[in-house]
Amino acid sequence: MKYKFMTLKNNKYPFIYFCFLLFFWTHCSLAQNTEDTITFEQAISQIETVFEVKFSYNSNTAKRFRVSTPNTNQTLTQTLRMFSDKENINFTLVSSRYITVKFPKKMVSFCATFIDTQTAKPIPITAISENKTYNSNSGGVLSIDSIADNQVLELFSQGQFIKEIVIYKAIANTKGRCPLLFINPENINKLPTITLSGYIAKGIEKTKKGAVTIKNDDFEILPSLTEPDVLQIAQVLPGIQSYDETASNINIRAGGSDEVIILWNDIRMYQTGHFFGLISALNPNLIDNVIIYKNGTHPRYSEGVSGVLHIYPTNSIDPEVTGGVGINLASTNAFVKIPVTNSFAIHGSGRTSINNGVGNPIYTSFFKRTFQNTEVTNLNNTQPEVLRTTDEDFNFFDISISALWDISPKDKLNYHFMTINNGLEFNERLFTGGISTASFNVIEQNTLLGGFNYQRNWNQKLTTGLHYSNSTYKASTQNTQVEQASQEFKKNQVKEQTLKFDTNYSINDDLSIEAGYQYTSTTIDITEDTNTSESSSKRGITNGFYAQTTAQLFDDKTTLTLGARVTNLSNFNTQIEPRITISHALKKQWNVFLSGEKKHQNVLQFTANENQLLGIQNKQWILADGVQNPLLKSGQASFGTDYTLKKWTLNAEVFYKKVDGINTRNLGFRNQLENAQAIGNYTSQGLEISIGKKLKNFTSWLSYTYTDSNYEFKTLSPIRFPNNFNVTHCVNAIATYTLKDFTVSAGVNYHSGLPYTTTVNQGAITNTNNGPQIQYNSPNNETLKHYFRTNISGVYKTPLDDTFDAVVNLSLLNLFDTKNELGRYYQLQTNNKEENYINTVTQFSLGFTPNISLQLLF
């Protein structure tokens, strides 16, 4: 038989035959490649079966890898080495049976064209990821040559946040093309334009409207923290400190802690701390972001003459159930996010204290710091013939619940609830001369917060919002003397109702207008003694209107934010308060900004040193009455600049602030002014500088604040003397390094000593009609020794299996156990010979305090 071979030369259809052969060859090649590679999970399953081992890896990452079919005729080591050599996948033998997997970064290219769903036209996009900024062209095409496929891109359009996308999800099934990504303008979450990303630390950003934002999900570790405590994070910013080392008592530019208004989802909080302020009462697990104003405050905010901290809980609905449980030496916690449907979700979190266990270093350190120089630690019992026995029980807890409902693509309704509780029971029994006396003491703090938020996006230009909330705070103390059958009770209660309406209208891309109304009813009750029914109740009602316009000028180089607030208060004249912020880009890397504001404050805090249970400082909320407690009024101006170049960032700002209407009675003096009442003002002026350097795995920041702050009371002598928070120099330095799944952060905090008042001399006691009195020098004539503290923290996160991740945090607070002075005052006491003498009382900081946190996330 003869075979006749067909040639292209003789064939009538050479091109058709050529295409057929090419298709056949390509199909066979692809089939062969597909057969040679399988998913990583399939390969691992085969290895686990043959070698009887178990692998721990991130299943989401594993899905992005295809590998060659393993040769199970080789040894386990040889089989795994094949993956290491070809795919750069690392394996770590934890035990003879368990192996962990570490995947390499997979670098890919990214391209997308962003389209407006309403106009069908391209949208120019700015994307931010890991402190890098990428800009699309005018046709909405965003192209990135090389980026890790697990990175998250934050998308912005004209300074407004759109959404986040994960690279590997966005490029799935694109086959190298540049696909269209559609953006619905009605779903844009409008956030201020960012001028500094990664300001001080990753997750902290500075905006053109003068605010600083903290994004909880992006936040990296800071020294001394085992979890992202937003109140302590705020204290790393220049001009913000807590001079008594607490999380809750925040001082901004030498102002008192009550001059800073703290809002949780637009609900004012009157209690923000556990363990008498040492631990924040805000559970971080369900916090989304925080907005901080030191000046140029948005006019929708009232009160807070020194500053505003607005904490937003998570308001987004995740597609899957997520959550976690954790424990540290101070508390245990748990949280969960449950998507009931695609449009409805419930979020919940809880935390409770761990009481004094055997060898618990953080409880011991906190207890010693909180109750030093009080009756709890037996300050005044110097009589050896008295036998004293005590027992105490301290506990705290907080619970928060959110219900999120996306009624429609244009309508959202949310409800948020939080309760906070602190409790101390201290019982004391004294035995002397065969006589026994007993006293039982209880201190409690309770907070209940609840509020609804409704938002409607009418169209691309108009958004409205409605808010209603209740805030209740109660602090009570009770002392029972068993043998005398007497009981003393004190209570301070705040009840507040708030109704807000907000509207935002974008005229065009360069001009927007915001306006709104706020009604607030605040009732404060103070009860001194139930036996004599000495109590008072005051109510204040405010009606506030605000408006603000934001304009982009000179080719978007200048952002002008101009607003005003008009507030009508019961018993006071109408307050008209302008607010302004201007930001101008001199060059691409160089911005200058100017801010100014006027504000008032109607709710104040009074320190009752003479009515302290167990010697613990008693702070009470009160309403301004226009007589003994005038309305606080402030005016502030600041000017500064931001400069970035080659991973370096410089920020500098000068400020001047004046607050009128302060009363010496409310300032917590422990000197000759302790019981005085004088009305005056204080001024603060200073300079804030911060400089930072960012590398691939290393970030460092150094900040310096200079402050000169003084009181002025025209009825006192001297008229002018230093502010209680006049800390001239303050320095913070932070360095953070990341190596794969491990991050370590170290920092130092230095500041000048706080002012205090000295006695004329140790024997300076004079007899008056009111009894013996201590003679003092001029108020705040001396300062304590300088404050210096070194902190270090580390965090390690690793996947345990397809579902769970483990996070281990370690913090070492005051690493070198430095004995820092926080305050000093003098007490008049009597010895065994009935002789008066002056006792010097010094408050000291926390000593060396280690803490470790373990979290299991799913």
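Predicted model: local features only at pLDDT ≥ 70, side-chain atom pairs only at ≥ 80, totals over all residues.
A residue counts as buried when its relative accessible area is under 20%, as exposed when that value is over 50%, and as partly exposed in between. Cys111 has a relative accessible area of 22%, so it falls in the partly exposed class. Cys178 gets the same label, partly exposed, because its relative accessibility is 30%.

Cys111 and Cys178 are bonded to each other in a disulfide, with 1.9 Å between their sulfur atoms. The structure holds 1 disulfide. The bridge joins distant parts of the chain: Cys111 sits in strand β6 (residues 107-116), while Cys178 belongs to the loop between α5 (167-170) and β12 (180-183), and the two are 67 residues apart.

Side chains of opposite charge can pair when their charged atoms come close. The structure holds 17 salt bridges. In one of them, Arg300 meets Asp266 at 3.0 Å, N to O. Here, too, distant parts of the chain are linked: Arg300 is in the loop between β22 (287-293) and β23 (307-313), and Asp266 is in the loop between β18 (260-264) and β19 (267-268), 34 residues away. Both Arg300 and Asp266 are buried.

Another salt bridge pairs Arg456 with Asp411, whose closest N and O atoms are 2.7 Å apart. Arg456 is part of strand β29 and Asp411 part of strand β28 (residues 411-432), so this pair ties together parts that are 45 residues apart in sequence. Asp411 is buried, at 9% relative accessible area. Lys714 and Glu712 also form a salt bridge, with 3.6 Å between the closest N and O atoms. Lys714 is exposed at 65%, whereas Glu712 is partly exposed at 23%. Elsewhere, Arg253, Lys294, Glu653 and Glu688 are joined in a network of salt bridges.

Within α2, Phe40, Ala43, Ile44 and Ile47 are buried. These residues lie on the same side of α2, because they cover an arc of only 95° around the axis. Just after α2 comes Glu52, with a positive phi of about 55°.

A few other backbone details are worth a look. Phe275 is a residue other than glycine with a positive phi, near 55°. Phe275 is found in the loop between β20 (273-274) and β21 (279-280), and it is buried at 3%. Glu834 also has a positive phi, near 60°, and lies in the loop between β52 (821-830) and β53 (836-844). Glu834 is exposed, at 65% relative accessibility. The peptide bond from Ser717 to Pro718 is cis, its omega near 0°, and Pro718 is in the loop between β42 (698-712) and β43 (720-722).

Finally, the surface carries a nonpolar patch of about 710 Å², built from Trp405, Ile407, Phe452, Tyr454, Leu466, Tyr468, Leu499 and Phe501. The elements giving two or more residues to this patch are β27 (387-408), β29 (435-457), β30 (462-481) and β31 (486-508). Tyr468, in strand β30, is partly exposed at 36%.

Methods
Residues numbered from 1 in each chain as written. Heavy atoms only, no water. Patch = residues over 30% accessible without salt bridge, like charges linked within 9 Å, V, L, I, M, F, W, Y side chains within 5 Å. Areas by Shrake-Rupley, 256 points an atom, 1.4 Å probe, with all protein chains shown as cover. Salt bridge = Lys/Arg side-chain N within 4 Å of Asp/Glu carboxyl O. Helix = DSSP H or I, 4+ residues; strand = E, 2+ residues; numbered from the N terminus. Buried < 20%, exposed > 50% of the residue type's maximum accessible area, 1.4 Å probe, protein only. Disulfide = S-S within 2.5 Å. Arc of directions from axis to C-beta.
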